[in-house]
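Subject: Structure handover

Hello,

Please find the structure below, followed by notes on what was found in it.

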Amino acid sequence: MTEDFLHYIWKTRQYNPSHLITSQGELVQVIDPGTHNKDSGPDFFNARLKIGTHYWAGNVEIHIRTSDWLRHGHQFDAAYNNVVLHVVYDDDSSAPGIRQLMPAHTPTLALKGRLENDLFARYEYFLASHKWIPCASELGQVPAIITTGWLARLMAERLEIKVSTIKQELEQTGMDWELAFYRMLLRSFGTRVNAEPFSWLARSLPWHLLARKQDQPEVLEALLLGQAGLLPEFPPDDYCRTLSQTYQSFCVLHKLQPQPGHNWKHLRMRPANFPAVRLAQLAAIMHKTPRLFQKLLVCDTPQEALALFNVQAGEYWRTHFIPGLVAAPSNKKPGTQMQLLILINVVIPFMFTRGTLLDEPRLKEKAMNWFEALQPEQNNLIGQWKKQGLCATNATESQALIHLHKNYCSHKMCLNCTIGRYLLEAPLKAAVRKAG
């Protein structure tokens with residue numbers, strides 16, 4: 001037995017409610033199990049109960065054994081003074097020395113013998129699973145209406161987290177939307193591998209300095225690559241020499257300190273994703289569209305927004321992936337997937353956040369419409385979901401599936417997952433229907 005499972009049992013009333021009696025011999029009627037508290041303090045707030053002949057409104061604490069109250073030190077914590085019922089799986093208060101130390105005013109209710117026999121066994125089966133998701137073998141049994149509704153809630157949950165992150169960035173930048181967008185945009189260009197050095201670069205290189213040089217693409221490249229520490233110490237060609245000299249002049253004037261070049265990762269990375277190429281693309285995007293965030297807000301369609309990122313890096317980069325090293329000529333535009341990721345992870349969440357903070361419902365509606373209009377991301381995780389039988393048809397669904405695996409499946413939080421709960425309870429409900 002686990003406390004998480006007992007929380008689920010109490011919250012969803014998955015126990016035999018007939019003739020509930022406390023260890024003190026009083027009848028218990030659960031009117032409302034209360035609100036699940038996932039922070040410190042009692043497990044459920046504001047429960048409503050009838051114990052004996054009295055009605056109570058207060059908190060409920062849940063443990064596997066009665067003695068856990070003492071083991072957790074609740075007798076010394078004032079936050080537990082308002083607990084009106086102690087719910088346990090196994091009441092071991094008759095053991096020597098336990099009853100005398102328990103608070104006399106808090107009744108105890110034991111649930112052992114009141115649970116459906118197979119329910120915990122099915123939960124243990126999920127916990128013991130070594131498959132990509134715990135319910136991989138059972139996922140096909142879940143009705144589409146359950147999955148669709150759950151994915152919609154997950155998307156809202158994921159968007160809420162993104163909005164919270166953007167709000168924090170806005171607070172740190174004094175509500176400067178362009179600066180906050182610039183920082184998040186740079187981080188997204190680093191993808192998962194180089195997100196941190198890109199983020200450091202965004203914070204160490206003043207946005208307003210870049211904004212003043214947006215009409216000079218080579219200066220933008222010099223500032224981005226120089227501050228990133230990606231320009232060679234001994235320039236092997238004229239272009240690198242010019243970029244280095246330009247950056248050095250700004251270093252002196254603005255007291256810039258470049259990032260150590262070894263912070264960047266290149267291993268097992270396609271050359272098209274090398275950080276120097278990404279920074280050259282960023283310079284080209286900034287040069288082509290000054291005040292990029294404001295321009296994105298007035299785009300009518302996601303295709304119009306994507307076009308702002310479909311920009312070729314400067315001519316030098318046609319034959320380079322790394323400054324100073326000549327390579328075969330190739331296109332140096334951000335790829336279709338990269339452009340899609342920027343829109344999904346930065347542009348649309350920013351649009352939704354602005355709509356929320358400035359009370360502009362039109363922007364929020366446009367953001368949600370864009371999510372539904374865009375194709376799903378193509379990555380290993382979405383490919384794995386497809387193998388499980390769940391195929392994302394748009395960016396809304398692919399974002400929800402990413403959130404589901406990252407925050408629920410990989411942590412085996414089946415009791416908090418609508419699909420997991422359905423699979424746990426389905427046999428019991430089927431038996432009830434058959435009996436009825």
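To start with the charged side chains, D238 and R241 form a salt bridge, and their closest N and O atoms are 2.6 Å apart. A salt bridge here is a side-chain nitrogen of Lys or Arg within 4 Å of a carboxyl oxygen of Asp or Glu. Both residues belong to helix α9 (residues 238-254), where they are 3 residues apart, about one turn of the helix. Helices (H or I, at least four residues) and strands (E, at least two) are DSSP runs, numbered from the N terminus. D238 is exposed, with a relative accessible area of 57%, while R241 is partly exposed at 33%. For these words, buried means under 20% relative accessible area, exposed over 50%, and partly exposed in between (1.4 Å probe, protein chains only).

Before the rest, two notes on the source. This is a predicted model, in which local features need pLDDT of at least 70 and side-chain atom pairs count only at pLDDT 80 or more, whereas totals for chains, interfaces and linings use all residues. Residues are numbered from 1 along each chain as its sequence is written, and side-chain values use heavy atoms, with hydrogens and water left out.

Salt bridges

The structure holds 8 salt bridges. E196 is exposed, with 51% relative accessibility, and R187 is partly exposed at 32%. E116 is bridged to R122, with 3.2 Å between the closest N and O atoms. Here E116 counts as partly exposed at 24% relative accessibility, and R122 counts as buried at 17%. There is also a network of salt bridges that links E169, R183 and R203.

Aromatic rings

A pair of aromatic rings is described by the distance of the centres and the angle of the planes. Rings of Phe, Tyr and Trp (its six-membered ring) pair if their centres lie within 6.5 Å; planes under 30 degrees apart count as stacked, over 60 as edge-to-face and the rest as tilted. The structure holds 18 aromatic pairs. One of them joins W69 and Y80, whose ring centres are 6.0 Å apart and whose planes stand at 75°, so this pair is edge-to-face. W69 is in helix α2 (residues 68-71) and Y80 is in the loop between α2 and β5 (83-90), so the pair ties together parts 11 residues apart in sequence. W69 is buried at 2% relative accessibility, and Y80 is buried at 8%.

W177 and F293 make a stacked pair, with 5.9 Å from centre to centre and 5° between the planes. W177 lies in helix α5 and F293 in helix α11 (residues 292-297), so this pair ties together parts that are 116 residues apart in sequence. W177 is buried, with a relative accessible area of 10%, and F293 is buried at 2%. The ring of W177 also has the charged end of R354 over it, 5.1 Å from its centre. A charge sits over a ring if NZ of Lys or CZ of Arg is within 6 Å of the ring centre and within 35 degrees of the ring normal. The charged end of K332 is placed over the ring of F321 in this way, 4.1 Å from the ring centre. Elsewhere, F5, Y8, F120 and Y123 form one aromatic cluster.

Pockets

On a 1 Å grid over the protein atoms alone, a pocket is an open set of points where a 1.4 Å probe fits, with protein on both sides within 12 Å along at least five of seven lines; lining residues have an atom within 4 Å of a point. Grid points are joined across faces, edges and corners, and a volume is the space filled by probe spheres set on the points.

The largest pocket has a volume of about 1900 Å³. Its lining has 48 residues, and S188, T191, R192, L341 and N345 lie nearest the centre. Helix α13 gives the largest share of this lining, 8 residues. The lining divides into 19 nonpolar, 18 polar and 11 charged residues. Ala, Val, Leu, Ile, Met, Phe, Trp, Tyr, Cys and Pro count as nonpolar, Asp, Glu, Lys and Arg as charged, and the others, Gly among them, as polar.

The second largest pocket holds about 290 Å³ of space. Of its 18 lining residues, D4, H7, H36, M413 and N416 are closest to the centre. Helix α1 (residues 3-12) supplies the largest share of the lining, 4 residues.

Regards
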